[in-house]
Amino acid sequence: MKKPADALSGVTLLTDQDIYLFKEGSHFNLYDKLGAHPLVHGGVKGTLFAVWAPNAERVSVIGEFNNWNKGAHPLQARPDGSGIWEGFIPGIGPGAFYKYHVASRHQGYRADKGDPFAFCWEAPPRTASIVCDLAYQWEDHAWMKDRRGANGLDKPISVYEVHLGSWRRSVERSSGHLTYRELAGYLVTYIKEMGFTHVEFLPVMEHPFYGSWGYQTTGFFAPTGRYGSPQDFMELIDRLHRNGIGVILDWVASHFPSDEHGLAYFDGTHLYEHADPRKGFHPDWQSYIFNYDRHEVRSFLGSSALFWLERYHADGIRIDGVASMLYLDYSRKEGEWIPNQYGGRENIEAITFLRRLNEEVYRRYPDVQTIAEESTAWPMVSRPAYVGGLGFGMKWNMGWMHDTLEYFSKDPVYRKYSHNQLTFSILYAFTENFMLSLSHDEVVHGKGSLISRMPGDDWQKFANMRLLLGYLYTHPGKKLLFMGAEFGQRSEWDHEKSLEWRLLQDPSHQALQTWMKRLNLLYCGEPALYELDFVNDGFAWGDISDWEQSVVSYFRKGKSPDDTLLVVCNFTPVPRHNYRVGVPTSGRWREVLNSDAGEYGGSGQGNFGGVESTPVPMHGKYHSLTITLPPLGVVIFKKEGSGA
């Protein structure tokens, strides 16, 4: 390769306003200014490099184009005290592999660093950044114009959580991985067939350790090269959008790994991480914690979040590990953490960052959602910052998940003693905008798959799974289900293997998958199941007192009085005949869904399509239905003449 000319100083994309916002912590488009940007200067094609390293003595760009020569292309420090080094290198364009060689002023530290703002990285285990042009011809204009109708809090949101490296794998490649484009062909078809409204990807941002599932991120502006190029990932999202499927990206702002080529000790100092390990090192994940005190770090993180919404048309970001950001004593013993300025355990700087980030996201993109994985009772996570909340659109309901799975793991004989685990969630269901999640975290680390945790023989396991899914989709809150649960994956999730698609040759697994399709169809077609998810008006108990028989009944309501559903769940394998349930109006109530139907693998016990009410008071209502309640079953009724 012909040796390029020396780096030229004085070429910049940064303005005084950029520097001001960067130092203030409110620059959310830094990806347009820092990193590697191919451009033409003075009629010469090349790439402008810019990197933040305030404690460096020297910074140079190294790569294949200069045989990784540390002295060939030094960058120049800006004279404004910003700590940014920059320079234009002629002859370098998209596809060039590079790193920054950083020589620190401290302790003789020298390291070859990947670009924190790189749009593309080599596929691991290689670690170079790649000069990249993100040009792509999007064809999802119709989706982007109207996506508020798919992402609104009063819309059906049924999320299929996917790990791209293990949803489906290739037997022809040593890596086993399909490309983004190959996955698009399979995934779009499958999600449409199943009826999910959204897909959520475990972090696709570049990560050196595949076994971290993406949660140990080094490339905060680049999809992993394991499955293809940035344009390949754009094509995947584009095709999902063109088929009416929303895309949520898992995003990590709580910590980052210690790999030398990454952010850790970037310029020979604790630049991105807090210097004191009591605030800067995570004991559980053995990774560094971002220094939210530093304005420039907040600009970096905010820019990363906005980048995926802007350049990749993401419809939402789910922020991982929010609890670890909020509490200074998270997973720490007494004496292992530093109180805030008021003596408390709240991380004030992280709280400020999250509020500011959510405000900026919704200011720019009011038709997307931010979702918090927050596992504590922190108040008002999904309430606006201007009323003291954190500003998220939704919060994962971890309490519901723990109580529900613990309840379902019990032998039905003993469930009556834990009846409150079913009823307790409604006491707080409307304090936040909750998303009910049965996520990847529930099928790893020895927990087993969901169906393996269901008690009883094989028939009862499948009946319990249908009941669990039915309960999930009729309980207030948006929905999230990890891949494989929809057809009864038997084994615990293994990121090195494909899902057990061969199981669909078994009628029981086929029937469970059919049940999931039917649930999604009902969910998306009945406003009662989604319009008023986050207000009391959308839910009313029928009867919560029948703990002896482990039966609950409840009503879901939409904005129109005609949109009312009755849901009755039997959590034991004993069928209940002539079971009476109170209803608010007289007439015929049609059975719109029954998990015990033969096509779903059930025993076929039901109500012959519907039941006529009688003027017999029950459960505080003037009318009631006498129904057959199938074993380990959920039945859903709707008043005839009221819509569907």
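**Cysteines, salt bridges and a helix**

Mentor: Start with Cys132, which counts as buried because its relative accessibility is 9%. Keep in mind that this is a predicted model.

Trainee: Is Cys524 buried or partly exposed?
Mentor: Partly exposed, at 28% relative accessibility.

Trainee: Switching to charges. How many salt bridges are there?
Mentor: The count comes to 34. One of them joins Asp232 and Arg181, with the closest N and O atoms 2.4 Å apart. Asp232 lies in helix α5 and Arg181 in helix α4, so the pair ties together parts 51 residues apart in sequence.

Trainee: Which residue does Asp533 pair with?
Mentor: Arg556, at 3.0 Å, N to O. Asp533 sits in the loop between α15 and β21, and Arg556 in strand β22, so this pair links parts 23 residues apart in sequence. Both Asp533 and Arg556 are buried.

Trainee: Now α15. What should its 19 residues span?
Mentor: 27 Å, at 1.5 Å a residue; the end C-alpha atoms are 27 Å apart, so that agrees.

Trainee: What caps its N-terminal end?
Mentor: Asp506. A side-chain oxygen of Asp506 lies 2.7 Å from the backbone nitrogen of Ser508.

Trainee: And what do the buried residues of α15 pack against?
Mentor: Several elements, including α4, α14 and β28. Among those buried residues are Trp515, Leu519 and Tyr523.

Definitions and conventions:
Residues are numbered from 1 along each chain as its sequence is written. This is a predicted model: local features need pLDDT of at least 70, side-chain atom pairs count only at pLDDT 80 or more; totals for chains, interfaces and linings use all residues. Side-chain values use heavy atoms; hydrogens and water are left out. Helices (H or I, at least four residues) and strands (E, at least two) are DSSP runs, numbered from the N terminus. The expected span of a helix is 1.5 Å times one less than its number of residues. Buried means under 20% relative accessible area, exposed over 50%, partly exposed in between (1.4 Å probe, protein chains only). Contact means heavy atoms within 4.5 Å. A polar contact is a pair of N or O atoms within 3.5 Å; within protein, one must be able to donate a hydrogen and the other to accept it, and residues adjacent in sequence count only if both atoms are side-chain atoms. A salt bridge is a side-chain nitrogen of Lys or Arg within 4 Å of a carboxyl oxygen of Asp or Glu.
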